[in-house]
Amino acid sequence: MKILVALKQVPDTETKIKVAADGKSLDPADVKWITSPYDEYALEEALRLKESKGAEVVAVAVGDDKAKDVLRNALALGSDQAVLVKAAEAGDPLAVGKALAAYAKDKGFDLLLFGNKGFGSDNGAVGPIVAELLGLGHAGLVTKLELSEGSFRAEREGDAGTEVVEGALPAVITAQRGLNDPRYASLKGIMAAKKKPIEEIEAPAVSASAVVSALALPSARPEGKKVEDAAALVALLRDEAKVL
Amino acid sequence: MILVYSELKDGKIRKPSLEALSEARRLADASGKTVGALFVGADLAGVEEAAAYGADTIVKIEGASLAAYSSDAFAAAIADTVKAKGATVLLAAATSTGKDVAPRVAARLDAGYAADVTGLCMAGGKLQAVRPVYAGKANATVDFTSAIQVATTRPNVFAVTANAKAGAVEALPAPADSFKAVVKEILAKVGGKLDLTEADVIVSGGRGMGSGENFKLLEDLAEALGGVVGASRAAVDAGWGIPHSQQVGQTGKVVSPTLYIAVGISGAIQHVAGMSTSKVIVAINKDPEAPIFKLASYGIVGDLFTVVPELTAAVKAAKA
């Protein structure tokens with residue numbers, strides 16, 4: 001079995017967000033970059049499949065040179081190969097999806113694993129877009145995954161409860177928290193990963209279809225009131241906020 | 001045309017879909033476009049309701065094969081309709097289905113995509129969207145360059161507005177192929193209870209609740225308010241038997257209710273990311289320094305085990 005895991009490098013979730021001088025991007029000063037937390041569940045699932053069923057795991061990231069860190073980390077955790085698809089990441093999920101689909105096409109992947117969204121941009125779109133571009137089925141927000149010969153069964157978070165999705169392989173699965181508990185890299189793994197190559201390829205030239213033209217901090221919420229007790233709160237909710 | 005992929009539940013249009021339809025009507029009126037409401041499924045009784053919320057045209061794609069949701073089949077049906085009707089904008093509510101299917105439709109149409117938007121307008125004949133990014137710590141304005149633009153609207157943000165239009169119903173054929181992945185069954189169905197993302201009132205508990213049993217206090221308050229119960233990640237992770245589906249936050253659900261009551265929740269960024277766009281926020285916490293108070297419209301510093309039952313009683317009295 002051959003598994004692709006798509007990884008994205010994102011700002012640490014605790015990062016204080018500052019807008020850069022261009023008024024439309026994140027000021028990279030003082031930003032610590034990490035693997036998007038949901039991608040860690042995707043990678044862990046791939047590694048567990050490798051251990052239980054035998055699989056070749058290929059970690060792929062779309063981005064610039066600094067994305068090599070998440071690929072190096074994926075190698076340290078047990079990925080067999082790492083590929084950097086070089087492209088400027090401009091917040092356009094369709095362009096990222098096209099870059100990944102162009103790489104994955106005709107490479108014989110049985111399973112393509114993604115985080116359900118990249119922290120920060122939060123579009124949750126790249127996995128389903130790649131599935132569509134490659135003509136594959138997908139299940140998103142998956143909390144449980146079972147593979148059989150040529151098919152999958154996934155449990156996903158739906159609005160009405162847990163949905164059981166079944167479909168044929170190859171397929172795209174996007175991981176949600178609860179799928180597994182990601183492991184940490186061992187010192188041995190980290191040392192070995194330093195010697196492993198990261199393949200670099202150029203992304204296909206595609207024009208962006210959606211671009212971020214401005215980034216702004218939200219206006220602060222108005223100063224709140226401290227309220228003495230429940231009765232006073234109910235009066236305010238009813239007469240001032242008018243929500244009762 | 002602005003086409004809105006709309007969802008039915010028990011013969012009624014879901015509220016997040018009505019919000020998307022109402023917003024589509026506003027955008028259409030501002031730009032001289034028409035509004036189409038699109039429904040896909042096996043039983044589409046009730047779609048006529050869309051006319052009351054601004055649909056000039058109602059498109060039905062009905063077929064036995066569409067009884068269960070299939071992301072690829074539904075995407076094909078929606079994209080085919082966009083093309084057949086010559087629509088340039090596709091909206092869907094950012095429900096679990098909307099967020100699942102819309103990116104596929106965008107890929108099929110080579111269209112730009114923006115998820116979970118909180119503001120929309122038409123600029124230069126194209127959609128422009130504002131959406132929260134970095135867990136709500138910033139807002140991004142998204143401009144589209146593609147001929148077709150696709151966006152999902154965050155539930156509880158856009159107002160539902162009655163605006164009756166003709167709503168002529170038209171049926172298009174169901175897709176013949178696809179069905180690569182299909183929902184086979186729905187487990188642990190939340191019987192009758194509203195999904196968190198659709199609720200007008202949410203009462204959430206955090207680590208300060210101390211145990212799963214104590215969430216009964218929150219259920220009583222939620223019932224008095226006609227709301228539902230949520231939880232912070234700390235409460236879900238504590239092993240109190242609270243399911244992840246109830247979690248509000250960065251790794252859980254993003255909600256924007258009219259009233260959000262945070263009980264025993266400190267206000268970590270992880271949680272705030274999921275509820276900071278709520279209209280009125282109430283915090284009840286014994287720690288006066290808890291960050292949640294910075295966000296709260298109203299805060300009570302006190303013991304939740306005293307305050308919450310008092311609040312439940314006061315709400316019942318006020319509503320009686």
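Tutor: Two strands pair if DSSP finds at least two bridges between them. Please keep in mind that this is a predicted model.

Student: How many bridges hold E14(B) and E15(B) in their pairing?

Tutor: There are 4 bridges, and strand E14 (residues 201–205) of chain B pairs with E15(B) in the parallel sense. Within that pairing, B:Ser204 stands opposite B:Gly230 of E15(B).

Student: What is the order of strands in the open sheet of 6 strands?

Tutor: The order is E13(A)-E18(B)-E17(B)-E16(B)-E14(B)-E15(B), and the pairing is parallel. The edges are E13 of chain A and strand E15 (228–231) of chain B, each of which pairs on one side only.

Student: Which helix packs on that sheet?

Tutor: Helix H8 (residues 304–319) of chain B does, touching strand E16 (259–263), strand E17 (280–285) and E18 of chain B. The direction of H8 makes about 135° with that of E17(B).

Student: One strand there comes from chain A. How many bridges join E13 of chain A to E18 of chain B?

Tutor: Strand E13 (residues 225–226) of chain A is joined to strand E18 (residues 298–301) of chain B by 2 bridges, and the two strands run parallel. A:Lys225 is the residue that stands opposite B:Tyr298 in E18(B).

Student: And the contact between the chains, how many residues does it take from each?

Tutor: It takes 67 residues from chain A and 67 residues from chain B. On the side of chain B that touches chain A, helix H3 (residues 96–109) of chain B provides the largest share, with 8 residues. That side of chain B is made up of 37 nonpolar, 16 polar and 14 charged residues.

Student: Back to H8(B). At what angle does H4(B) pack with it?

Tutor: Helix H4 (residues 215–225) of chain B and H8(B) pack at about 20°, and their axes are 9 Å apart. H4(B) is therefore roughly parallel to H8(B). The crossing of H4(B) past H8(B) is left-handed.

Student: Which residues meet there?

Tutor: From H4(B), the residues are B:Leu217, B:Leu218, B:Asp220, B:Leu221, B:Ala224 and B:Leu225; they meet B:Val308, B:Pro309, B:Leu311, B:Thr312, B:Val315 and B:Lys316 of H8(B). By class, this contact has 9 nonpolar, 1 polar and 2 charged residues.

Student: Now chain A. How many helices and strands does it have?

Tutor: Chain A has 6 helices and 13 strands. Its C-alpha atoms fill a box of roughly 65 × 45 × 40 Å along the principal axes. Of the 244 residues in chain A, 50% count as buried. Among contacts in chain A with a separation of 6 or more, 71% are between residues 24 or more positions apart.

Student: How do H3 and H4 of chain A cross?

Tutor: The axes of helix H3 (residues 93–104) and helix H4 (residues 126–134) of chain A come within 8 Å and cross at roughly 50°. H3(A) and H4(A) are therefore oblique to each other, and H3(A) passes H4(A) in a right-handed crossing. Residues of H3(A) including A:Val96, A:Leu100 and A:Ala104 meet residues of H4(A) including A:Ile129 and A:Leu133. The residues of this contact divide into 11 nonpolar, 1 polar and 1 charged.

Student: Let us turn to backbone geometry. Where is the cis peptide bond?

Tutor: It joins A:Leu169 and A:Pro170, with omega about -5°. A:Pro170 lies in the loop between strand E9 (161–168) and strand E10 (171–175) of chain A. Most peptide bonds are trans, and most residues other than glycine have a negative phi.

Student: What is the phi of B:Asp10, and what is that of B:Asp116?

Tutor: Phi is near 50° for B:Asp10 and near 60° for B:Asp116; each value is positive in a residue other than glycine.

Student: Is each of these buried or exposed?

Tutor: B:Asp10, in the loop between strand E2 (8–9) and strand E3 (12–13) of chain B, is exposed, because 6 other C-beta atoms lie within 10 Å. B:Asp116, in strand E7 (residues 112–117) of chain B, counts as buried, because there are 22 C-beta neighbours inside 10 Å.

Technical notes: Residues numbered from 1 in each chain as written. Chains lettered and ligands numbered in written order. Predicted model: local features only at pLDDT ≥ 70, side-chain atom pairs only at ≥ 80, totals over all residues. Contact = placed C-beta atoms within 7 Å. Nonpolar A, V, L, I, M, F, W, Y, C, P; charged D, E, K, R; others polar. Axes fitted to C-alpha atoms, helices over the stretch in contact; angles between N-to-C directions. Parallel < 35°, antiparallel > 145°, perpendicular 65-115°, else oblique. Left-handed = near helix turned anticlockwise from the far one by under 90°. Buried ≥ 20, exposed ≤ 12 C-beta atoms within 10 Å, placed from the backbone.
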